[in-house]
Amino acid sequence: MIQSETLELLEWHRLCQHLSTFAATKLGAIAARDLTPPDSQVESEYLLTQTKEVYELESRLTTGLSFEGIQDIGDCLERAELQGVLAGDELLAIATTLAGSRNLRRVIDNQPDLPILIELVADLRTYPELEQEIHRCIDERGQVSDRASQKLADIRTDLRKLRNQITQKLQNIIQVKSNAVQEQLITQRGDRYVIPVKAPQKDAIPGIVHDTSASGATLYIEPNSIVPLGNQLRQLVRREQAEEEAIRRALTEQVAEVKSDLEELLAIATTLDLATAKARYSFWLQANPPRFINRQENEYITLRQLRHPLLVWQQQHEQGSAVIPVDLLVQPEIKVVTITGPNTGGKTVTLKTLGLAALMAKVGLFVPAREPVELPWFDKVLADIGDEQSLQQNLSTFSGHIRRISRILEALRNEEDAEKMRGGDAENQNVSASEPPRVPVSSLILLDEVGAGTDPAEGSALAIALLRYLADHAQLTMATTHFGELKALKYQDERFENASVEFDEATLSPTYRLLWGIPGRSNALAIARRLGLKAEVVEQAKTNLGGSTDEVNQVIAGLEAQRRRQETKAAQAQDLLQQAERLYKEVSAKAANLQEREQALRASQEVAVQQAIAQARSEIAQVIRRLQQGTPTAQDAQQATKSLHQIAEKFIPQPPPKPKQGYIPKEGDRIRIPKLGQTAEVLTAPDDDGELTVRFGIMKMTVKLEDVESLDGKKAEPVAKPDAEMRRRKDAENVSVSPRHHVPLSSPQPAPAIRTSKNTVDIRGRRVADAELILDKAISEATGPIWIIHGHGTGKLRQGVHAFLQQHPRVSRYEAAEQSDGGTGVTVAYVD
């Protein structure tokens, strides 16, 4: 009884009514309205898993889980079992229910990670053959169709023919007796065809009068000539009805044969619809799935930003005010929480919010709180709530409170006795000592204005004794009070905790926020002033109150102010942390983006370089192939050289511009040597080592470039020695290329020269003097390197050629040709 009273006090029926609006079927709505909390935690966790899986399934489906076609066929199944005959629309409802259930099973079977739902529909039998037979015999209007049986089809054919005969005869009568007819139409009275005849002209059309108009001016007569046809029509109609009933009876018998399976199908569909309604209601509430905790394992009750679901509905659908959430964080050792504070501050709403949250978790609903949602599974939720702030506006007397509290204590004792009996049975069954001990009775007790309605001293004493008793026998008790003595229990018993509802003294109104660890002030005088009580009365009340009470209120006010400052600082720190996290994410995203762009650019550059190399190789190969075809001429060689220069300019990157050099002494310049304090004349320009020869007076000496300066004080810059790479490139500029060799492009280098008959000079057998004349002419006409064939012999001709080349101003250098071009018997001279 007290359990049902608690559900009524917490307005559980209103929540169930709201839940039913999310159901898709009639049976689902009925199940939602009659929802009751289960008796075991295992069942609650099973229901919660159902809701989670449906919630997940709904998020995957674009249109959600469909229950189209599923209807309440329970009464039809009962009547079928009692050998009644179902109507056509009832049979059609059974067929659509079978089809809708089959669609449900198909959708769930396509989701392999929903074990609870898959197990639920695993044994679902939808009898497609019965569904097809019903649709064959019953049309979409619920009428027996002609194809149900050949006999029925023949009867209906005869009926149509007979009706046509009757209609034709009546039309003929109307045309012949048009003066006697009130209106040119054929109508029916009952199952007989009649025509409207003027009352004075009734003898013109003899027949049976079946009806008269209200004025008596019109008689509805069945002419004698069609009476036999009407009798035949009636007999055919009865035969049709008998055949239709025989068909529906046969279908009803098929339904009765599988009644138990269809009832199971209906139960499964209703269970799915209820779970779907819970998931959709939880989504609408923006609720989160709870986790049941064991407080004996030092787990906290965690309900942050908890909202009252009925107030949320009121805000959304009834233009109610905004819902203020509360934070409930209860340590495992706390057994009793006393909430103090002013009236209309939200104490009672806090009790109801916690009670509804516990019940919602038990039935498999999500809880409207911020994750994580952690609370115990309570065996019972028992409440004594009833004052002017009740949502049902009921006033409770002291005796009413005591009677209800007595029933709460009786329920606790009965539960303890049942627990002891279960423990005794377990011992009799030789339960292994290794099994975990049974969790003691877990009940949530909610008491509003405990001890109120009587003498304050006696009420306070009674409230203290009651709360101490509940601390020993209940899992958690939450009580609201105005008694100051109850605020001190926290400092006497570690199982007690204080909480209070906040009151804004600036606006003289409550904020509906719950503050933990601080006892509240009733603020009765401030509220009385806000509600319009005369100021002189309020001031007199303050005088009567005394100074000690005022000091206590000042201490509490200081604690509240300190808490508000801490909360403000915590909120500011949280904002800074969120800003830092946001900036970190932005910087990380930008860095990742830049890295991706750099990698993409590098990859595109590598691809471009590889393509350029491949194209250059292809073009060089084409030039060499043209030279290899036939005997190359000087014009061909010149054209090939030009082509290679074009390829080099196209693919080899230009060297960076040389930095502008500072002061460099030249031969004949006058310079100053600061170390010696002398001026001197430059005899030789600086060499690669940065040394130059100078003369001052009659003395010559070699000095370093960094030791000299111009006469106007400009410091000379040291000559940078060419590194290995630069020397390699410089050497590569003078490499000759034979028409039979390809040029690798692994590093940038100038276009190679090609040996032809035009740039080859053969002086074998010549004297040195004659050879010099020939070489001088060839050098003057040359535009690139020339190959000089002098042979080996005694070596004198080669020595003379080398001496001539060494002193020739246009020859930058010379070297022996490659082995394939004659080796030391051929000298290659590079002409500027």
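## A buried charged pair

R156 and E244 are both buried, a word used here for a relative accessible area under 20%, with exposed meaning over 50% and partly exposed lying in between (1.4 Å probe, protein chains only). Their side chains meet in a salt bridge, with N to O at 2.3 Å; a salt bridge is a side-chain nitrogen of Lys or Arg within 4 Å of a carboxyl oxygen of Asp or Glu. The pair links distant parts of the chain, 88 residues apart, with R156 in helix α9 (residues 150–176) and E244 in helix α10 (residues 227–257). Helices (H or I, at least four residues) and strands (E, at least two) are DSSP runs, numbered from the N terminus.

This is a predicted model, in which local features need pLDDT of at least 70 and side-chain atom pairs count only at pLDDT 80 or more, while totals for chains, interfaces and linings use all residues. Residues are numbered from 1 along each chain as its sequence is written, and side-chain values use heavy atoms, with hydrogens and water left out.

## Further salt bridges

The count of salt bridges comes to 41. One of them joins D191 and R234, whose closest N and O atoms are 2.8 Å apart. D191 lies in the loop between β1 (187–189) and β2 (192–198) and R234 in helix α10, so this pair ties together parts that are 43 residues apart in sequence. D191 is partly exposed at 34% relative accessibility, and R234 is partly exposed at 33%.

Another salt bridge is formed by E374 and R291, with the closest N and O atoms 3.1 Å apart. Since E374 belongs to strand β9 (residues 370–376) and R291 to strand β5 (residues 290–293), the pair ties together parts that are 83 residues apart in sequence. E374 is buried, with a relative accessible area of 18%, whereas R291 is partly exposed at 37%. Salt bridges that share partners also join D146, R156, R160, E240 and E244 into one network.

## A buried lysine without a salt bridge

K362 lies in helix α13. This residue is buried yet has no salt bridge, and the nearest side chain of opposite charge, D39, is 6.1 Å away.

The side chain of K362 reaches the backbone oxygen of F378 at 3.0 Å and the backbone oxygen of D379 at 3.1 Å. Such a polar contact is a pair of N or O atoms within 3.5 Å; within protein, one must be able to donate a hydrogen and the other to accept it, and residues adjacent in sequence count only if both atoms are side-chain atoms. Leaving out residues up to four places away in sequence, K362 touches residues including P37, P38, F292 and W377, where contact means heavy atoms within 4.5 Å.

## Nonpolar cores

A nonpolar core is a set of buried Ala, Val, Leu, Ile, Met, Phe, Trp, Tyr and Cys residues joined through side-chain atoms within 4.5 Å. The largest has 60 residues, of which W12, L328, L446 and M478 touch the most other members. Helix α13 (residues 347–362) gives the largest share of this core, eight residues. Apart from this core lies another, of 43 residues, among them L57, L117, L152 and V258.

## Cysteines

The whole structure holds zero disulfides, a disulfide being a pair of cysteine sulfur atoms within 2.5 Å. C16 is buried at 1% relative accessible area, and C137 is buried at 2%.

Note on methods
Lys, Arg positive; Asp, Glu negative; His and termini not counted.
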